[in-house]
Amino acid sequence: MRFSKPTKLVGVDIGAQAIKVCQVDQTSGGITLEHYGQANLPPSAIQEGIFKDHQMIAGSLAGLLKHLGITTKEAAFAISGYSVITKKITLPLLTEKELAQTIHMEAEQHIPFDVREVNLDFQILGPLKEEPDTMAVLLVAGKKDILEIYQQILHLAGLEVKIADVAAFALQNAYEANYPLDGKPIAAMDLGSELITVNVFNRTGPLFIRDLPLGGRQITEQIQNQAHLSFKEAEEAKLKWDPGAQSLETVGPAVLQTLTSWVAEIKRAFDFLAASDPDSRPAKVVLSGGSALIPGLAAFFSRELKLPVELFNPFARIKVNPDLFDREDLGRVAPQAVTALGLALRRRGDR
Ligand SMILES: Nc1ncnc2c1ncn2[C@@H]1O[C@H](COP(=O)(O)OP(=O)(O)OP(=O)(O)O)[C@@H](O)[C@H]1O
Ligand SMILES: [Mg+2]
């Protein structure tokens, strides 16, 4: 039983290209968007998942919070990529409490890091159908040094960290708040600037999670090298690209080549998944992240993966006050808002 109201959280998604922040109000009547905003970072701020300039990232986050008038101090953030490992393991039936006591020992056998260097968490997914005296457990290991860097940055920006999450979980959380989940697995894919986060899940929880070191920055860099442009110019040419109109001629081939390599990796991941569990083949793909906006991408993915593909609308079921937000502006950034929204939905006191 809980007597105090869960506290609001600012969801902070620090991406390689842009920081996003989101805040919602959750009542029994539904969820209302209170704040959303994003601020681009220079490409030198985060490279290959490494935060190169903590002060700059914190300054940019603080500026964004101020600009949006966010006064809530408690925050949730997410780690992704090399800093986190999620793994589904099978264990004999144990209670939450029992597992909490033995999780370190279990983790030692399942994660490639030194357990002293990680923070461990787990989620009991439930007993296995085939072997009723065993259960599936989702093991999560986040690297302590990276978690500390996030803490420092949020602290420098005036925030107090309440929840450290995993980007793939935030994706699923945002999906569940907006779409019904039937028995069929859904593949949520966030196509960012340096990472493609994949989470295939169903009602019982995640079936498969992977962060692929791929993203829109690859396309921009290819254009930059081939057309001898600065990163900024190449990025502009990419954003202006319209396959039906006059565009810089290096963009089309760079996009096609990159997307082809992405679907090859995704197919490989899905094949791996289907080999371990044929029932887990996704029935649908939902795409988020800025790179999901590449013209024709959804159709290309659908053709190549032979699956229905749609764009993730994070505000499908979330109330948006038209006096506070311009629908069109919000619609344009909506795919980039998904992770931050998933984080904002994790009220403190919910878990
Ligand atoms: N309209 C568009 N067309 C093509 N690409 C776009 C468009 N809008 C954004 N992008 C690309 O999306 C990427 C940024 O998306 P997003 O904000 O989701 O990434 P990020 O969260 O900062 O990165 P990551 O999650 O990989 O750390 C950039 O590579 C950008 O060029
Ligand atoms: Mg991102």
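1. Let's start with one pair of residues: Ile124 has Val137 of β9 as its bridge partner. Keep in mind as you look that this is a predicted model. The pairing of β8 with strand β9 (residues 134–143) is antiparallel and runs over nine bridges.

2. Now step back to the sheet around that pair. It is an open sheet of three strands in the order β7-β9-β8, with antiparallel pairing. β7 (84–92) and β8 (118–127) are the edge strands; each has a single partner strand, so one side of each has no neighbour in the sheet. On average, and ignoring direction, neighbouring strands here are turned by 25 degrees against each other.

3. What lies across this sheet? Helix α2 (residues 96–110) lies across β7, β8 and β9, and runs at about 115 degrees to β8.

4. Next, have a look at helix α6 (residues 231–240), where Ala234, Glu235, Ala237 and Lys238 are buried. These four cover an arc of only 160 degrees around the axis, which puts them on the same side of α6. Their cover includes α5 (216–227) and α7 (251–276). On the face turned away from the buried side you will find the exposed residues Lys232 and Lys240.

5. Helix α4 (residues 167–178) packs against helix α9 (residues 327–344) at an angle of about 85 degrees, and their axes are 7 Å apart. From α4, the contact uses Ala167, Ala170, Leu171, Asn173 and Ala174, while α9 brings Val338, Thr339, Leu341, Gly342 and Leu343. By class, this contact has seven nonpolar, three polar and no charged residues.

Terms used:
Residues numbered from 1 in each chain as written. Chains lettered and ligands numbered in written order. Predicted model: local features only at pLDDT ≥ 70, side-chain atom pairs only at ≥ 80, totals over all residues. Axes fitted to C-alpha atoms, helices over the stretch in contact; angles between N-to-C directions. Helix = DSSP H or I, 4+ residues; strand = E, 2+ residues; numbered from the N terminus. Contact = placed C-beta atoms within 7 Å. Nonpolar A, V, L, I, M, F, W, Y, C, P; charged D, E, K, R; others polar. Buried ≥ 20, exposed ≤ 12 C-beta atoms within 10 Å, placed from the backbone. Arc of directions from axis to C-beta. Pairing = 2+ DSSP bridges.
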